[in-house]
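Subject: Structure handover

Hello,

Here is the structure I said I would pass on. My notes on it follow below.

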Amino acid sequence: MGSYVLRRVLQMIPVFFGTTLLIFLMVYTLPGDPVAALFGEKAADPAVVASIKHKYYLDQPVWKQYLHYMGNLFQGDFGTSFTGRPVTDIMADAFPVTIRLALLAFVFEMILGLCLGLVSGLKRGSVQDTLVLILTLLVISIPVFVLAYIAQTVFATNLGWVTPTVQNSYDLSQLILPAMVLGSLSLAYVARLTRTSIGENLRADYMRTAVAKGLPRRTIISRHLLRNSLIPVVTFLGTDLGALMGGAIVTEGIFNVQGIGNVLYRAINQKEGPTVVGIVTVLVIVYLVASLLVDLLYAVLDPRIRYA
């Protein structure tokens, strides 16, 4: 196990450098001159522009900028935004909000998605199965921003259970509705993936053996069927946690959640290169760590899996 983890960590290193380099190149070469964007349509003093570029290392070739950024990154310095505020402080304010929102969405999609998929998989062809398939198809077909508007209209305007937008981003109760909207698409995929996996494992030899032994139905489902059926679902859920954090831009914007998605959206519009690169770098790390944890979790779900 230890050697496998070491190999996986070593494999993550070139992936990390490759993705951060790609992000860095897109941010600092494609959008144009970020310093000129600071002044808008106003004419800027060339000396001031040169001073700002020198301060942010923008007067150097892109490869030198990247090496300078990575050198600071390994010292815990994500750079400074064009407003003069350290990027670490910006992320420290916004990331806790998005983490809460993503975790709520993750728990929502995992619990409800698994339950719907289990019921649908065990009762294929039944009314329950048909309802789950129709419901998940509707959720997949509706864009997130439309679903958010429907949720606001129903639960806020018509029923008055919540406010249309979040008033306090640190209040978990106000994040429940945005979390449900954020996790709705993933919930549909989890339900369908669970249904398919359970349907395949129901026809497996070990299931017929467990039934022939006379084991209780609850034991057959929990220890044999569900456990083996979770492997593809866990793969999806592991990578989806990072996707939820990165995909929160639309949801946070609609519900006025002051999280990392809102900050990233504003930073992209304002061409705040250091902020964009810093946030996306953290999201890359989240993806890589989640991928490693998913691989290690396979052995827990299926004892037949061994890591050399």
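The largest nonpolar core has 59 residues, and Met-91, Phe-95 and Ile-279 have the most contacts inside it. Helix α13 (residues 273-301) gives the most to this core, with 11 residues. A nonpolar core here is a set of buried Ala, Val, Leu, Ile, Met, Phe, Trp, Tyr and Cys residues joined through side-chain atoms within 4.5 Å. Buried means under 20% relative accessible area, exposed over 50%, and partly exposed in between (1.4 Å probe, protein chains only). A second, separate core has five residues, including Ile-198, Met-207, Ala-210 and Leu-225.

This is a predicted model, so local features need pLDDT of at least 70 and side-chain atom pairs count only at pLDDT 80 or more, while totals for chains, interfaces and linings use all residues. Residues are numbered from 1 along each chain as its sequence is written, and side-chain values use heavy atoms, with hydrogens and water left out.

Overall figures

The chain has 13 helices and zero strands; both are DSSP runs numbered from the N terminus (helices H or I, at least four residues; strands E, at least two). Its C-alpha trace spans about 85 × 55 × 30 Å along the principal axes. Of its 308 residues, 40% count as buried. The accessible surface comes to about 16500 Å², with 67% of that belonging to carbon and sulfur atoms; areas come from the Shrake-Rupley method with a 1.4 Å probe, and for residues only the protein chains shown count as cover. Among contacts (heavy atoms within 4.5 Å) with a separation of 6 or more, 76% are between residues 24 or more positions apart.

Around Phe-95 and Thr-98

Leaving aside neighbours within four places in sequence, Phe-95 is in contact with Met-245, Ile-260, Ile-279, Val-282 and Leu-283. Thr-98 lies in helix α5 (residues 87-122) and is buried, at 1% relative accessible area. With residues up to four places away not counted, Thr-98 touches Met-245, Ala-248, Glu-252, Gly-259, Ile-260 and Gly-261. Its side chain makes a polar contact of 2.8 Å with the side chain of Glu-252, and it reaches the backbone nitrogen of Ile-260 at 2.5 Å. A polar contact is a pair of N or O atoms within 3.5 Å; within protein, one must be able to donate a hydrogen and the other to accept it, and residues adjacent in sequence count only if both atoms are side-chain atoms.

Salt bridges

How many salt bridges does a search of the whole structure find? It finds two, a salt bridge being a side-chain nitrogen of Lys or Arg within 4 Å of a carboxyl oxygen of Asp or Glu. In one, Arg-85 pairs with Asp-93, with the closest N and O atoms 2.2 Å apart. Arg-85 is partly exposed at 36% relative accessibility, and Asp-93 is partly exposed at 37%. In the other, Arg-195 meets Asp-129 at 2.7 Å, N to O. That pair links distant parts of the chain, with Arg-195 in helix α8 (residues 176-202) and Asp-129 in helix α6 (residues 127-141), 66 residues apart. Both Arg-195 and Asp-129 are buried.

Surface patch

Tyr-149, Ile-150, Val-154, Leu-159, Trp-161 and Val-162 form a nonpolar surface patch with about 600 Å² of accessible area together. Patches are made of residues with over 30% relative accessible area and no salt bridge, with like charges joined within 9 Å and nonpolar side chains (Val, Leu, Ile, Met, Phe, Trp, Tyr) within 5 Å. Ile-150 sits in helix α7 (residues 144-158) and is partly exposed at 38%.

Regards
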